[in-house]
Amino acid sequence: MSRLSVKLPGLELKNPIMPASGCFGYGEGFADKYDLSILGALVDKSTTVEVRKGNPDPRYFHSGERILNSVGLKNPGVEGVLAEKLPYLAQFDVPIIQSVAGKNVEDYVEATRALSQPENVKAIELNISCPNVKLGGLQFGTDPEVAADLTKQVKAATDLPVYVKLTPNVTDITAIAKAVEGAGADAIVMINTITGQTFDLETRQPILGGVTGGLSGSSVKYVALRMVRQVAQVVDIPIIGVGGIESIDDVLEMIIAGATAVQVGSANYANPMVCKEIIEGLPARMDELNIESIEKLVQEMKMMIKQ
Ligand code: SIN
């Protein structure tokens, strides 16, 4: 293992950095900027059985580094991803964590079964946390029993590890985390966006086509850090931390909170090179902070958090 590598169930990553689902498409917009093989892993867009057109425009509202999105799981569907997106990504030496969404249990199971087949897909990310769809998404992520039942059924549909992506839009995220761990989740990904809204001063109407949207960007980091630490205190499976990460120090802080690996989301919009810059800059910052290896830091923090 190198100084940057980390282990997740079913995966040994070159480094702890992966782009977050929905902020990197299927890699196409970034592959002309750097070699995607340098990434620890790549989480692609949440994919559903059917092609989804997404919510009406506008789907994004930018305010500085803060973004509200109301994309509505726009994606080319399982067939499109199997025919084009995953074969395209196979040219890179990077494990794909395939994000899966659905409007009901059967959809999630069908999409998982189909998307588990390609050689380069090494894990499933179960998206039970999209705030922008009427069916599916939050419906599965806010009740511990419902989340556990879906996790069980998706686990039964694949031989790959299943990482469950949680929503912060709940009163007690630890209850959901414990429920999915009990149902066999191999890891937890947290957090998805926080539901928000914005209004036009002239029309007095909501700006986003989907009315509400998911808030991401640097301010979300502090919510994510708090929730990752809370969940790390009560589960034994690894956590992949996501929410407002945009710098090397953010990555290290997320690992200190209790994460094993880290996803970079909205920061990819402002700076498409951000993942590469973080990966390249990590060793020097680790030297400054006397961090011998990421894996060692992960283990030290796990022990400290559980004491
Ligand atoms: C969306 O497609 O609306 C965003 C994805 C998500 O929040 O999971």
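## Strands and their pairing

Two strands count as paired if DSSP finds at least two bridges between them, and strands (E, at least two residues) and helices (H or I, at least four) are DSSP runs numbered from the N terminus. The model is predicted, so that local features need pLDDT of at least 70 and side-chain atom pairs count only at pLDDT 80 or more, while totals for chains, interfaces and linings use all residues. Residues are numbered from 1 along each chain as its sequence is written, and side-chain values use heavy atoms, with hydrogens and water left out.

Strand E7 (residues 96-100) pairs with E8 in the parallel sense over five bridges, and Ile96 stands opposite Val121 in E8. E8 is also joined by four bridges to strand E9 (residues 162-165), again in parallel, where Val164 is the bridge partner of Leu126.

## Asn127 in strand E8

Asn127 is found in E8, which spans residues 121-127, and Asn127 is itself buried, with a relative accessible area of 5%. Leaving aside neighbours within four places in sequence, Asn127 has contacts (heavy atoms within 4.5 Å) with residues including Leu73, Tyr108, Lys165 and Asn192.

## Lys45 in a loop

Lys45 lies in the loop between strand E4 (42-43) and strand E5 (60-63), and Lys45 is buried, with a relative accessible area of 14%. Not counting residues up to four places away in sequence, Lys45 touches several residues, among them Tyr26, Val71, Leu73 and Gln98.

Technical notes:
Buried < 20%, exposed > 50% of the residue type's maximum accessible area, 1.4 Å probe, protein only.
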